[in-house]
Amino acid sequence: MKIMKKVATVLLALLLVMSTMSLGAYAAGETGTIGITLTADKTKNLYPGDIVTFTINIKNNFNYVCMRWPVMFTAKVFEPVIANDGNGDTDYCNVSGYGSLSGVDSVLESGELPSTSEAFGGTYSKTNYKGLLIQWTGGTSSSGIAYYHEENGSDCIQFQLRVKDAPTATSATVIIPTTTQCKGFFYYQAITDPADISTLYKMSSSTCTVTSTGASLSVFKESAGIKAKTGTDIVIDPEGYIYGFTEAVRDFAEINPSTISNWITTTGGATITLDLNSAGAYSTGAALHVKDADGNAVADYQIVIFGDINGDGVINPEDAADLIIGYLNLAEWSEEIEPKANAKFLSCDTNADGIVENSDYGPLEVAMRAEGYINQCYDPSNPLIYFS
């Protein structure tokens, strides 16, 4: 595949072809068929910002030197990919051609598409759909004019559409309409003898039968990720930590992976998995992995349970010993919480004041004596919840 440039010879050829057609050149008895199949490189699990490449496969029975199709797409989901072609011209949808095609031109024509009743009998609307006009013209040379003729079909043209950043629908359609009211947007010009460019035929709706197959796609309105469930204290820290499992660790300093959905909600079809920490528990240092609907990694987080510093699922004297190591500022620690060095160090800050020091021992001692438990929502005004 190569991108076709709108060079002067191609434009000249197009002008020659169009001017010839304006004379009404047509020979009775010339008939043709065109079968258009439109496929997408991905049809499901699309996310905001994704770019989809569509391929138009053309099957025909005549020597076509000019072809043009309207492509309509769901405007609630898709928008054109617009770029500069490097020559100062706008390149809509990165249209490109295969093989020996001599010219490709794409023009956004949403404002000129048929109205609802004209094109689709009320099924679609211009509000919901936008359009792209794709055109190919054969180049000329001393030996004649280039043409397209593929009895068995061949990939002919590609173009791209982009999923909007905030799509308002979860399904989309990309079609090449063939209704009677859309015939004015189709244009086919053919030639019997490629060496004889003086006889060009404009294929009308009565002499050229067009059929097409479109593409249906499914999208997510949101990107794949996670968010705190409403009514919980969960904090999803962009630095890669998750904490706030207050009620979840009331009796044990460990979360239950089977109830993680009580605390965290997925978005965009994401899935989450939990890995045990080095101590074999779902506590401080346990990893939460987020993947999109296709199984691709999106984000990784570490669980933090304040007070369970060594991550074994209980708050005991071993955690107190680790806390002392923390506020004595040994080599593997940093006194200031910011930047957070690791989940283990963050879990030392039991009073939520942003510093690891001896004052963090108080809440830890209350938890060790089972007089109460540490408030996991990291609230400096209320670091402890006492048992009544």
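Analyst: Start with Asn45, which counts as buried because its relative accessibility is 16% and the cut-off for buried is under 20%. This is a predicted model. Asn45 sits in a loop, with strand 1 (32-40) on one side and strand 2 (51-60) on the other. Now look at its backbone. The phi of Asn45 is positive, near 60°, and Asn45 is not a glycine. Why does that deserve a second look? Most residues other than glycine have a negative phi.

Ala370 lies in the loop between helix 5 (361-368) and strand 25 (372-374). Is Ala370 buried or exposed? Ala370 is exposed, because its relative accessible area is 53% and exposed means over 50%. So Asn45 is buried, whereas Ala370 is exposed.

Step back to the helix. Ala370, with its positive phi near 60°, follows helix 5. Within helix 5, the residues Pro363, Leu364, Val366 and Ala367 are buried. These four lie on the same side of helix 5, because they cover an arc of only 160° around the axis.

Strand 2 covers residues 51-60. Next, find Gln160, which belongs to strand 12 (residues 154-163). Its side chain makes a polar contact with the side chain of Thr53, at 3.0 Å. Which other residues does Gln160 touch, leaving aside neighbours within four places in sequence? Besides Thr53, the list holds Ile51, Val52, Val81, Cys93 and Asn94.

Now the nonpolar core. The largest one has 41 residues. Within it, Phe54, Phe78, Phe159, Val174 and Tyr188 touch the most other members. Take Val174. A second core is separate and has 21 residues, including Ala224, Ile234, Ile260 and Leu274.

Two of the contacts of Val174 are also bridge partners. Phe73 is paired with Val174 in strand 13. That bridge belongs to the join between strand 3 (residues 64-74) and strand 13 (residues 171-175). These strands run antiparallel and share two bridges. Val174 also stands opposite Ala215 in strand 17. Strand 13 and strand 17 (residues 215-218) pair in the antiparallel sense, over four bridges.

Five strands form an open sheet, ordered 19-20-24-23-22, and the pairing is mixed. At its edges are strand 19 (235-237) and strand 22 (271-275), each pairing on one side only. On average, neighbouring strands of this sheet are turned by 25° against each other, direction ignored. Look at one pair inside the order. Strand 23 (residues 287-291) and strand 24 (residues 297-303) are antiparallel and share five bridges. There, Leu288 stands opposite Tyr301 of strand 24.

Keep the opening pair in mind. Asn45 is the buried residue, and Ala370 is the exposed one.

Terms used. Residues are numbered from 1 along each chain as its sequence is written. This is a predicted model: local features need pLDDT of at least 70, side-chain atom pairs count only at pLDDT 80 or more; totals for chains, interfaces and linings use all residues. Side-chain values use heavy atoms; hydrogens and water are left out. Two strands pair if DSSP finds at least two bridges between them. Axes are lines fitted to C-alpha atoms, for helices over the stretch in contact, and angles run from 0 to 180 degrees between N-to-C directions. A nonpolar core is a set of buried Ala, Val, Leu, Ile, Met, Phe, Trp, Tyr and Cys residues joined through side-chain atoms within 4.5 Å. Buried means under 20% relative accessible area, exposed over 50%, partly exposed in between (1.4 Å probe, protein chains only). A polar contact is a pair of N or O atoms within 3.5 Å; within protein, one must be able to donate a hydrogen and the other to accept it, and residues adjacent in sequence count only if both atoms are side-chain atoms. Contact means heavy atoms within 4.5 Å. The arc is that of the directions from the helix axis to the C-beta atoms.
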